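I opened the model and kept notes as I went. Entries follow in the order I looked things up.

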Amino acid sequence: MSMYGRDPWGGPLEIHAADSATDDDRSRNLQDYDRAALSRPLDETQQSWLLGPREQKKKKYVDLGCIIVSRKIFLWTVGTLLVSGFLAGFITLIVKTVPHHHHSHAPPDNYTLALHKALMFFNAQRSGKLPRHNNVSWRGNSCLQDGKSDPSTVMKDLVGGYYDAGDAIKFNFPASFAMTMLSWSVIEYSAKYEAAGELNHVKDIIKWGADYFLKTFNSSADTIDRIAAQVGVGDTSGGSTTPNDHYCWMRPEDIDYDRPVYECHSCSDLAAEMAAALASASIVFKDNKAYSQKLVHGARTLFKFSRDQRGRYSAGGSDAALFYNSSSYWDEFVWGGAWLYYATGNSSYLQLATTPGLAKHAGAFWGGPDYGVLSWDNKLAGAQVLLSRLRLFLSPGYPYEEILRTFHNQTSIIMCSYLPVFSSFNRTKGGLIQLNHGRPQPLQYVVNAAFLAAVYSDYLDAADTPGWYCGPNFYSTDVLRDFSRTQIDYILGKNPKKMSYIVGFGNHYPKHVHHRGVSIPKNKIKYNCKGGWRWRDSSKPNPNTLVGAMVAGPDRHDGFHDVRTNYNYTEPTLAGNAGLVAALVALSGDGSAKIDKNTIFSAVPPMFPTAPPPPAPWKP
C-alpha cells in the first residue's frame, strides 16, 4: 500500500508502508549514510545542506591591520598591560596618600660645616666698595680714599683688599701668604669645594685679594722699583695720641683720619710672596685666559724685583716690623720660584728653586726649634712639600733629582716631627701641638701643619705609596690624617674647655672677639676715635657676630680668656683663617674626592730628563 502526497520541491512524495521501521533502525541507517557521505570531501555549501548550521571555530590569529599576531599572545599582552596599569595606579595612589619619610643625603660633616663659616670671615674683612653678595649685614663700604689721602705715594688707587685682623690695617705680607694658601687649597681640592658649594665663593675671595695686589705696583710694567707694602699704621709706642688704626676704636666705615701708605724699594720677601700669591691664583683662574695671563705677568715682574732689589721689607724699624717682621727672604725665593714654575712651566724658576745654595740659606739643611713650622714668615716647610709633589708625580730626574730627594726626605722628617711619639714639639694636656713653643696665638701655626699633613698624606695615597719612614719605623698615611683631625677637632671643640675657637660654630664659642667692626653696633651713630673705647672696654658680648673667625687660641695650659682687650686670646687674622680653610677642605667630605693630581702641572711641559754628564776619563 502506498500513499502519494505532494512533494514540497515539486515532485511526488512516496511513502511505503513496508518501510515503516522503528526510529532506532532509521537512526542507525542515517549514521551509515552520513559516514559514507563524509568519506569524500565536501565543500562548505554541501556541508551546510547535510549538517545544517555549525558552531564557528575561534580564530587562532588576530589581524591588527599592519601585523597579524597569535590570538594567545595578543590576549596575554593586553592582559599584562591592563594588570600593569592597574598595579601602577594602585601603587601611585598608595605613595601619594600614605605618609612617608624623605630620605635625604647624609648631613655634612663638621669640617664642611666649619668650612662654610670660615670662608665668611673673609667677607667681613673686605675693604673698599663691597659687592652686593657680601652677605655680612653689619659691614658697609669703607676706606674709599686709600692711596689718594697720602700725597707721598705714587699708587693713588689702593681701595680694596682685606683688613688684616681686628684693626683696619692692610698688611700685604700676611695677606699675600693668606691668598697663596687659599689658592693652593683650591688647586688641590677644587672637587671638595664644589661638593660643598663653596668653589665660586673661595674663588671670589682669592680674586678680591689678587685684584688689590695688582694695584700695589705697576703691574703692566716688566720692571718696577717700588711696592705699596702697607696701608694704615698701628704704632702707638711712646704714648702717641695721634689717631691711627690701633689708637682709635672705630668701625672701618667711620674712619676719618689719615691713612698713610708705606712703600718699599728693596723688599725681596714681600715681592716674592706677592709673586707666589699671583702665580698660584693664575692656576686657579687658568680657564679665564686673559686674567690668568695678567696674574702671571704681575708675578714675573714682582719676582724679578725681589731678585734685583735685595732686602727685607720690614728692615729699618718700619711699622710692619712691630707686627709682621720678616726674618729672611730666602724661603720666599724657594716658595715663589716653585709657584712661578708651576704657573709658567719655565724651567729657570725650577732651577732657581732647587739651587742648593738658596735652600741652604733658607735653612733647609739644619734643624732649629722652628724647623717644619709653616707660617706667614717662614714658607720653607710649604715649599718643601710643594716640590716633593713634583718628585712624586713627575720625577724630573737630573739635574733636579738630588735636591728634590733632599726636599722629599726633609718633608718626611717634618711629618715625623708632628707625631706624638716624637718630642720635637710639646703638646698641651688637651692634645694641642705647641708649634710656637708655648708662645701666644698658637692656632695659626696648628692649622697650617694640619693642612700640610693632610695634603702630603693625599700625595702619598695618589702616588700609591702607603706611608713613609721615620727612622726604622714605618707609618701609614692614616697616621698623618689622624694628626690633622685631632688638631682641627681640638679647635672645633674637643678640648678641655669644650669650646669652639671658631666664632659661630657649635654652641660655645668666643663672644668678645678683639675686632673693632664687630664690637660696635651698627645703629647709625658714628663713634669717633675715642668714642669707640666704650665698646672696646665693655664686658658685654659683641653686638655683631664675626662668623667663621678663628681666634688666636688658648695658652699652653689649655686656658682661654674670652676678653676683648686681650688680643693674644681673642683676635683673628687673615693668615690664620686661610690655614684653617685649607685644613678644613682637606679633611672634608666622605673620602671619595681625592686631590687633583694634574691641574697644578697644566703649564708644565713634558719632562725629558737631561742625561747626566759622563764619568771622568779613566786613568791608570
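I started from the UniProt record, an unreviewed entry, which puts the feature "active site" at His-514, Asp-562 and Glu-571. UniProt positions are given in the numbering used here, feature names are shortened, and annotations may be inferred rather than shown by experiment. I then checked the spread: the three sites cover 58 residues of sequence, yet they cluster in space, with a largest C-alpha distance of 10.2 Å. I found His-514 in the loop between helix H16 (477-492) and helix H17 (516-519). Helices (H or I, at least four residues) and strands (E, at least two) are DSSP runs, numbered from the N terminus. Is His-514 buried or exposed? His-514 is buried, because its relative accessible area is 10%. I use buried for under 20% relative accessible area, exposed for over 50%, and partly exposed in between (1.4 Å probe, protein chains only).

**Ground rules.** I am reading a predicted model, where local features need pLDDT of at least 70, side-chain atom pairs count only at pLDDT 80 or more, and totals for chains, interfaces and linings use all residues. Residues are numbered from 1 along each chain as its sequence is written, and side-chain values use heavy atoms, with hydrogens and water left out.

**Helix H10.** I compared its length with expectation. H10 (residues 330-344) has 15 residues and should span 21 Å at 1.5 Å a residue; the expected span is 1.5 Å times one less than the number of residues. The end C-alpha atoms are 21 Å apart, which agrees. I also looked at cover: 14 of the 15 residues of H10 are buried. Just after H10, Gly-345 takes a positive phi of about 75°.

I traced strand S8 (residues 467-470) and strand S9 (residues 473-476), which run antiparallel and are joined by four bridges. Strands count as paired if DSSP finds at least two bridges between them. Tyr-469 stands opposite Phe-474 in S9. Two residues lie between S8 and S9 in this hairpin, and Gly-471 in the turn has a positive phi of about 65°.

**Three-stranded sheet.** I noted an open sheet with the order S5-S6-S7 and antiparallel pairing. Strand S5 (170-171) and strand S7 (261-264) are the edges, each pairing on one side only. Two bridges join S5 to strand S6 (residues 227-231). Lys-170 stands opposite Val-231 in S6.

**Phe-90.** I placed Phe-90 in helix H3 (residues 71-97). Phe-90 counts as partly exposed because its relative accessible area is 45%.
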